[in-house]
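Please view the sequence and structure first.

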Amino acid sequence: MLSGLMQAEALTVDRFAEHAARWHGGVAVIERDAAGAIHRSTYAAIVQRAKGLSAALLDLGIEPGDRVATLAMNNFRHLECWYGIMGIGAVCHTLNPRLTEEQLAWIVDHAGDRVIIADASFASLATTLARACPSVERVILMPDGSAGPQAAEAVDYEAFLAGASVEAQWGGFGEERACGLCYTSGTTGNPKGVLYSHRSNYLHALGALQRDVTGLSANDVVLPIVPMFHANAWGLAFSALAAGAGLVLPGPRLDGASIHNLIESEGVTFAAAVPTVWQGLLQYLRESGGRLDSLRRVLIGGSACPEAILRSLEEDYGVEVLHAWGMTETSPIGTTAAPVAGCAAMDPAMRREQALKQGRPPFGVDLAIEDDTGRRLPHDGTSPGRLLVRGATVARAYYRAEEEAVDAAGWFDTGDIATIDEHGFMKITDRAKDVIKSGGEWISSIEIENIVHGYHKTACAAVIGVRHEKWGERPLLLVQLHPGESATGDEYRDYLRGRIASWWMPDDIRFIDDMPLGATGKIDKKRIRALVMDAA
């Protein structure tokens, strides 16, 4: 065998931070803390502090492979933790503070976390978890502008860094070493741990930098509204540093006014968030008359983007919208709806329909759809089937699980039902557990929800299937109205008539004050079903 004569360099994520510090060291990293104060740093300063954290963790006895948990919002100290933990071969385990104490205790115990590094806002939660989980040896609290008291048994983050012996050296280990740990939301059963490798996160970041994904450059200023504890922050804490883009970290204030202020004051050009965040921003802009002068592109994922959001951002504010799909198990970006050459010949309505699909896989990700018998389905845009995915950034097993999560050919079943069209655009028609089967035919809850979101009185909408004696299941529509609005079921039926098939029309339409949301900002249909059952 004739081997190549190129240098062998392990694909480890510390290289992103080293590159940013050396070649973009003066680029600004800006955060807004819990009190609303703005703090400014640079990549060079953050990397130096992150290496100090690495040294302090080594002094504490943290070894390669040990899990160090973070319980924090998007701020510069959290960014230091990512690289300070991963750079020495330990595993950064991001905890979602929106989960219940019981859920978090189960996750921390299952992960075997040795240390929890938390924002001061979460001091009580962090110390409660430490008491409940025998593996946790130390709680370290990061100042975040909150007024909460320092827990007596916790260590101050700044004092912890100041006591470190020397700056640590990063890397020097294999790229297959575990790097990050993120647990799924656990909508069915216990959460499952997805254990990323350095190699998978490295390749995902490079894939995200493709023009048809984020296309980031050193001319961008990036606002990752998606939390750093949610699905790997969509890779932005890696790809922004690799590109040398400026970084704006929003902390806990994610309301429309706060997000708009950051975008305009810091010249943000690219931002990423779930649809509910964009909905809040658009509502604020309509009420205030605000503009989006610097913002050029946004990435929307986490759940299907309603057409009303896409249309308003593009037509009213001149912002390019990139619709995306992914999951914790795909690192998470799996597809984006960037147009292909064939889209240019389409009429505007068809182009928008393509943009609302979840899109095409970037290089490195492969998709397939199959029916319940395992037969591959054609890419005709009309044949729905189970969505399968594979690639170097896709999980093959869950942490501490006995069985592989993929089939013999390496395909991971996403649990989504989807179609793929002749241009390669994938469209999620439903989650397998949410699809409504009425009279032997499928009804897409997602499609009805997206149409209902287009009605001007709708703040949030959800469709679930309820049992029906004759048809098996029928759709039930729940609507949360904008403040001050009132509506009737017949009003919504009139709006839906002609926009959906007649047999898709919800049998019942109910109005609720607050839509149940899960820990990642998605509509929680598990809770909705429980509420509906309780009300029956």
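This is a predicted model: local features need pLDDT of at least 70, side-chain atom pairs count only at pLDDT 80 or more; totals for chains, interfaces and linings use all residues.

Residues are numbered from 1 along each chain as its sequence is written, and side-chain values use heavy atoms, with hydrogens and water left out.

**Salt bridges**

- Side chains of opposite charge can pair when their charged atoms come close.
- A salt bridge here is a side-chain nitrogen of Lys or Arg within 4 Å of a carboxyl oxygen of Asp or Glu.
- The count under this rule is 29 salt bridges.

**The Glu80 pair**

- Glu80 and Arg49 form a salt bridge, with their closest N and O atoms 2.6 Å apart.
- Glu80 sits in helix H3 (residues 76-86) and Arg49 in helix H2 (residues 43-60), so the pair ties together parts 31 residues apart in sequence.
- Helices (H or I, at least four residues) and strands (E, at least two) are DSSP runs, numbered from the N terminus.
- Glu80 is buried, at 0% relative accessible area, while Arg49 is partly exposed, at 24%.
- Buried means under 20% relative accessible area, exposed over 50%, and partly exposed in between (1.4 Å probe, protein chains only).

**The Asp413 pair**

- Asp413 and Arg386 meet through their side chains in a salt bridge of 2.9 Å, N to O.
- Asp413 belongs to strand S18 (residues 412-420) and Arg386 to strand S17 (residues 385-391), so this pair ties together parts 27 residues apart in sequence.
- Asp413 is partly exposed, with a relative accessible area of 31%.
- Arg386 is also partly exposed, with a value of 25%.

**Another pair and a network**

- Asp494 pairs with Arg497 in a salt bridge, the closest N and O atoms lying 2.7 Å apart.
- Shared partners link Arg49, Arg77, Glu80 and Glu158 into one salt-bridge network.

**Thr12**

- Thr12 is in the segment before helix H1 (14-23).
- Thr12 is buried, at 1% relative accessibility.
- Leaving out residues up to four places away in sequence, Thr12 touches Phe173, Gly174, Glu175, His198 and Tyr202; contact means heavy atoms within 4.5 Å.

**Helix H8**

- Helix H8 (residues 236-243) is mostly covered, with 8 of its 8 residues buried.
- Among the buried residues of H8 are Leu236, Phe238 and Leu241.
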